[in-house]
Structures are given as structure tokens and as C-alpha cells.
Amino acid sequence: MVEWCLPQDIDLEGVEFKSMASGSHKIQSDFIHATHWVYFSYFRKGPFFGLACFANMPVESELERGARMKSVGILSPSYTLLYRYMHFLENQVRHQLEMPGHYSHLAAFYEDKKGVLHAGPGSGGSLPPVYWLPSIHRYMYPEMKITHPAGCMSQFIKFFGEQILILWKFALLRKRILIFSPPPVGVVCYRVYCCCCLANVSLPGIGGTVPESKPFFYVNVADIQSLEVEVSYVACTTEKIFEEKRELYDVYVDNQNVKTHHDHLQPLLKINSADREKYRRLNEQRQMLLYSQEVEEDYNPCEEDLFVLFFLEQNNRIFQTLLEVSASQDKTLTAEHARGMGLDPQGDRSFLMDLLEAYGIDVMLVIDNPCCP
């Protein structure tokens with residue numbers, strides 16, 4: 001239940017389920033000697049992005065059945081601002097566990113920050129939607145470094161390895177991607193963000209015909225109805241039941257296992273030679289970066305810049321070539337073009353066909369059959 005909020009007239013229906021990830025209450029049993037543990041989750045509520053801090057504290061109370069669990073969260077039109085308030089939320093959820101019902105600090109925080117959130121009667125559904133722009137966010141992704149001690153993009157790529165190239169293709173095609181993980185979900189929310197970053201394109205005129213790639217962050221069964229109408233999103237969940245609801249997603253990610261139930265997308269699950277070459281180049285650039293930092297005695301990590309720009313340049317190269325071919329007289333895309341884009345003419349044929357269809361690019365794909373000399 002929502003026990004307190006400001007402003008009181010804002011629509012918060014279902015937010016209590018988003019701010020407490022399913023299964024979070026079980027985590028405490030792994031840390032019996034702790035006073036309480038704190039976990040963060042990102043989510044989306046209508047046009048707003050949310051950040052909630054959940055904590056669980058054992059208490060000697062039969063009424064509370066031995067445990068007090070609370071979550072303190074905020075909503076903002078901008079996702080990039082949320083990380084600034086993590087420490088405040090963490091302190092406040094501890095305060096609420098130890099001194100329930102004392103909301104003066106939260107009220108003061110709202111009075112100080114309320115200009116950020118334009119609230120009013122019916123504001124939950126009447127504001128224009130906040131769009132996730134499919135271009136590089138110069139003022140956005142550096143802030144994510146602060147929310148993860150080692151850099152979320154670095155951890156994301158290390159976690160998935162070569163599978164990152166499979167996710168990259170699905171993200172570029174604007175597929176519905178659902179990432180499953182047991183709680184806590186904070187790090188998994190970063191993976192949602194990083195997955196969206198893989199599809200960054202900075203060329204003008206690209207993306208007008210494709211659906212918006214929406215980071216939904218944490219979702220649960222309360223979001224099923226809203227997910228049913230989405231044609232493109234990236235989200236994470238702690239609820240295994242979603243795996244059975246195939247109509248809600250195109251791609252399902254469980255740990256490092258990426259899979260799809262669509263037959264026409266099956267070829268995209270295979271790592272090809274061009275994928276391995278891209279992954280090799282990515283690691284090579286990373287090693288060069290680390291070496292240069294060591295030589296120059298600069299230990300400020302900028303791997304995030306490297307990873308984001310790597311995929312941005314890769315995407316720009318693909319679409320630049322496709323636009324040039326579509327503007328030519330014969331509009332023929334050859335195997336040489338594919339190789340020039342860093343793609344495998346045979347292994348990426350299905351990906352290229354889906355890409356042309358998704359972005360409405362008028363090009364004829366002519367790649368020789370491997371059976372024929």
C-alpha cells in the first residue's frame with residue numbers, strides 16, 4: 001500500500017508494485033545478521049521515470065510478522081536526474097524503518113524539488129509522453145557511471161560477452177526485449193539502459209519509421225496490460241511467469257541466455273565471423289585504452305565513452321551505407337557493401353532484411369547464395 005505521498009492528487013495506481021520488486025522480501029534471509037539491506041529499482045509510471053529504494057528490517061512484532069519492509073521512491077520526467085537522489089532515498093528508507101510515520105524530511109525534499117515534477121489534477125495521464133531519443137546522450141550516459149562502481153556499460157559487456165552482438169541486433173531492430181533475473185534488480189535495470197544504448201544512431205533522418213525504443217526498466221504482472229500494446233521496449237522482471245507469456249515479448253534473456261520464440265528471428269541468435277571480429281576489436285580498443293591510462297597515469301575510467309561510441313559508430317556506418325545505396329540508381333546492396341558495414345554477407349542476411357523492412361529503406365538485397373560458386 002502507498003502510505004504517504006506528495007502531491008496527494010497525483011495518479012499512483014500500481015506504483016506500490018513497481019517500487020517493491022517481486023521476491024525482494026526473500027533476500028533478507030541470506031543476510032541474517034544484518035540490521036537491514038537496501039536495494040534500488042528503476043521503473044516507469046506513465047510519462048515519468050521512477051527510482052525506489054527498498055529495505056527490509058527484522059522486528060520483534062507479531063503484527064508485522066517479524067519483518068518491516070518499506071520502499072521510498074520518487075518520480076521525475078527525466079531519468080538522468082534520478083541517480084542524484086539515491087543517497088537521500090537510502091537514508092530515508094532506513095529512517096522510515098526505524099521511525100515509521102515521520103515524513104518531515106520527505107515533505108521538505110518535495111517542497112525543494114517539486115518544480116521538476118509538474119503535478120496537478122489528473123497529471124498522471126494528461127502530460128505528454130517522455131520520449132527516449134535514439135541518439136547519443138552526451139549529458140545522459142556519463143551520469144550512469146556514478147550509479148555503478150565499475151561503470152554499468154563495462155559490466156554489461158563483460159557479463160554478456162559475445163552475446164552482446166546478438167542483443168545489439170535485436171535492439172537495433174526495436175524488438176521487445178525482456179530480461180529476467182532474481183532480485184535485487186538494480187544492476188539488471190542498468191542492463192535495460194545499456195541495451196537501449198546499443199541502438200544509438202546520430203544520423204539525421206534515421207529512425208522516423210521505427211517505433212520508439214522504450215526503457216521500461218522493472219516490470220511485473222501489474223504491467224501486463226500496458227505491455228500488451230507496446231511494439232518496442234526493453235524491460236526487466238523478477239517474475240518467471242513472464243517466460244510463458246510469449247505474446248508480450250520477442251526476445252527473452254535469462255542470465256546470459258538470449259532466446260526468441262519467433263522462427264524468423266532464430267538466425268539472429270547465431271554468432272557469426274563478423275560478430276566475433278567486432279567483439280575482438282571492442283576488446284582490443286579497451287586494452288589500448290587501459291594501457292594509455294596506465295602510461296599517462298590517468299586512472300579516471302572512460303570505458304563508458306569507448307563502448308557507447310563503438311556501437312554508435314557501428315550503427316552510423318551501417319545506416320550511412322544503406323542511405324547511400326538507396327539514393328543510387330540501381331539500389332543494389334551487395335556482399336561487398338555488407339562487409340563494408342562490418343556485417344557477414346551470409347550470416348547477417350536475415351538481420352539485414354529485417355533492418356531494411358523495419359526502417360523502411362528502399363534497397364534491393366543481392367547477396368550470392370553460398371551454395372553457388
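Among contacts in the protein between residues at least 6 apart in sequence, what percentage join residues at least 24 apart? Keep that question in mind while the whole chain is on screen, remembering that this is a predicted model. The answer is 67%, counted over contacts between residues at least 6 apart in sequence.

Of the 373 residues in the protein, buried ones make up 52%.

Next, select residues 152-160, which form helix H6, together with residues 163-172, which form helix H7. The axes of H6 and H7 come within 7 Å and cross at roughly 110°, an angle that falls in the range of 65 to 115 degrees, and therefore the two helices count as roughly perpendicular to each other. To see where they meet, show the side chains of Phe156, Ile157 and Phe160 in H6, and then those of Gln163, Ile164 and Leu167 in H7. Sorted by class, this contact of H6 with H7 has five nonpolar residues, one polar residue and no charged residues.

Gln314 has a relative accessible area of 3%, and because buried means under 20%, Gln314 is classed as buried. Leaving aside residues up to four places away in sequence, display what Gln314 touches: Trp168, Lys278, Arg281, Met341 and Gly342.

Definitions and conventions: Residues are numbered from 1 along each chain as its sequence is written. This is a predicted model: local features need pLDDT of at least 70, side-chain atom pairs count only at pLDDT 80 or more; totals for chains, interfaces and linings use all residues. Side-chain values use heavy atoms; hydrogens and water are left out. Buried means under 20% relative accessible area, exposed over 50%, partly exposed in between (1.4 Å probe, protein chains only). Contact means heavy atoms within 4.5 Å. Axes are lines fitted to C-alpha atoms, for helices over the stretch in contact, and angles run from 0 to 180 degrees between N-to-C directions. Helices (H or I, at least four residues) and strands (E, at least two) are DSSP runs, numbered from the N terminus. Angles under 35 degrees count as roughly parallel, over 145 as roughly antiparallel, 65 to 115 as roughly perpendicular and the rest as oblique. Ala, Val, Leu, Ile, Met, Phe, Trp, Tyr, Cys and Pro count as nonpolar, Asp, Glu, Lys and Arg as charged, and the others, Gly among them, as polar.
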